[in-house]
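Biologist: Could you walk me through a model, feature by feature, and tell me how to read each one?

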Amino acid sequence: MSHSATHSPTQSRYCFVFLEIFSSEGGIQSYIKDVLQGYSALKHQPLADIFLLRDEPHCQNPFESSPSFQFHYFKTKSARLDRIRLAIALLFYLLKYRPQRVFCGHVKLAPLVQMLCQPLGISYTVLTYGKEVWTSLPTASLRALQRATTIWTISRFSRDQACTSNDLDSHLFQVLPCAVDGDRFTPGTKPTHWVEKYGLAEATVLMTVARLWAGDAYKGVDVTIRALPAIAQVFPQVKYLVIGRGDDQPRLAQLAVDLEVSDRVVFAGYVATDDLADHYRLADVYVMPSQEGFGIVYLEAMACGKPVLAGDTDGSADPLQDGQLGWRVPHRDPDAVAQACIEILQELSTAAATAHQEGALSRRTDGSWLRQQAISHFGRDAFVKRLEQLFS
């Protein structure tokens, strides 16, 4: 079932095949939206057909009326039937239009794309993100990656992990980092109603935005909770604001009780996207000693003028520019996290006390410099420029 623009069979075009974009929220989905938004901003690009396995025609699709895209939906009551319908529609499409290239939006779809494109001599690119390609892949998926024209990924770390785990040629990869929305994420004062809601008056606030799923313990919320007693000895007003929800929250709450810091940990639960920038403004420091494929949250925090702490062996090396823009510490080490947090907070309080002196601020705690760096390297314009290079 397809929606949107019409075009003639003689036009050369692109084809994108995705699992889902609009029916669920997550890092992959927001990255794909960046790609679509970037594509629609490019000049002289052919119309692109978007095949969606799990989205439905009535889902909220901000691109539905875009002249750049035509959407094709395949969701029914049966997941198996959906895949068959997608495969048949894609085969007929490829035979009829012979697109310049097919962009496969998930490694799970890559075997199908390879099976259909290769015999027809149509080149294809596979988009990868993080953990889904960091371990050894099934034979069919691996073969599909090996035979791709290119593989796009979000960071050098993600590329290196995929290559190491699957013996892939690094020359196949092109890095297209995530983009930060500098218009939405901006500096500002701590909003009073949120300060009151979370009991943060007079507090020094550390903050993390993360899913609290048991399978995502690598996000490091537990490590930051373990670091709190040491931080509190130096900064008695410290509180830790945790934004996100998931089945790991009871364990984390219990950990805070066991360490006698439960009065310092505030679980905010789910926060709507529209309120997220306000929550970054509540923070003094954004802390997430994690293992990320990239870590868009670090850029969002920096765009709001906040210093950041990340893990030292993951994709956050890219948004943090190898530590030039923030602190990178061993991601499961509470002592290292505590030490770095104390250092950042001391720099911030020194800066506040000597605000009139030039150069009192180290660059990594200078909010306006952090924002400028985040946006010049990873803002929308930088993203579109990089996309243009990949398409040329």
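Modeller: We'll take confidence, a cavity, a strand, a helix and some backbone angles in turn. This is a predicted model, where local features need pLDDT of at least 70, side-chain atom pairs count only at pLDDT 80 or more, and totals for chains, interfaces and linings use all residues. Residues are numbered from 1 along each chain as its sequence is written, and side-chain values use heavy atoms, with hydrogens and water left out.

Biologist: What is the mean pLDDT of the protein chain?

Modeller: pLDDT is the predictor's confidence in each residue, from 0 to 100. Here the chain has a mean of 94, and 95% of its residues reach 70 or more. Over residues 4-10 pLDDT stays under 50, and the model has 18 contacts (heavy atoms within 4.5 Å) for them beyond four places in sequence.

Biologist: Which elements give two or more residues to its lining?

Modeller: Those are helix H7 (221-234) and helix H8 (249-258). Helices (H or I, at least four residues) and strands (E, at least two) are DSSP runs, numbered from the N terminus. The lining residues include Trp213, Lys219, Val221 and Arg251. By type, the lining divides into 5 nonpolar (Ala, Val, Leu, Ile, Met, Phe, Trp, Tyr, Cys, Pro), 6 charged (Asp, Glu, Lys, Arg) and 1 polar (the others, Gly among them).

Biologist: Which way do the side chains of strand S5 point?

Modeller: In a regular strand the side chains alternate between the two faces of the sheet. In S5 (residues 101-104), Arg101 and Phe103 point one way and Val102 and Cys104 the other, and all are buried. Buried means under 20% relative accessible area, exposed over 50%, partly exposed in between (1.4 Å probe, protein chains only). Two strands pair if DSSP finds at least two bridges between them. S5 pairs in the parallel sense with S2 (residues 14-18) over 4 bridges, and with S6 (residues 123-127), again parallel, over 4 bridges. Arg101 is the bridge partner of Tyr14 and also stands opposite Ser123 in S6.

Biologist: What covers the buried residues of helix H5?

Modeller: An α-helix has 3.6 residues a turn, so residues three or four places apart point the same way. In H5 (residues 156-166), the buried residues are Phe157, Ser158, Ala162, Cys163 and Asn166. Their cover includes helix H4 (139-146), strand S7 (150-153) and strand S8 (173-175). In the loop between H5 and S8 you'll find Ser170, which touches Arg159 and Cys163. Ser170 counts as partly exposed because its relative accessibility is 36%.

Biologist: Where is phi positive in a residue other than glycine?

Modeller: Most residues other than glycine have a negative phi, and most peptide bonds are trans. Glu202 has a positive phi near 70 degrees; this residue is in the loop between helix H6 (192-198) and strand S9 (204-209), and counts as exposed because its relative accessibility is 70%. Arg98, with a positive phi of about 45 degrees, is in the loop between helix H2 (79-97) and S5. Just after H5, Asp167 has a positive phi of about 55 degrees.

Conventions:
1 Å grid on protein atoms, 1.4 Å probe; cavity = no way out; pocket = protein on both sides within 12 Å on 5 of 7 lines; lining within 4 Å.
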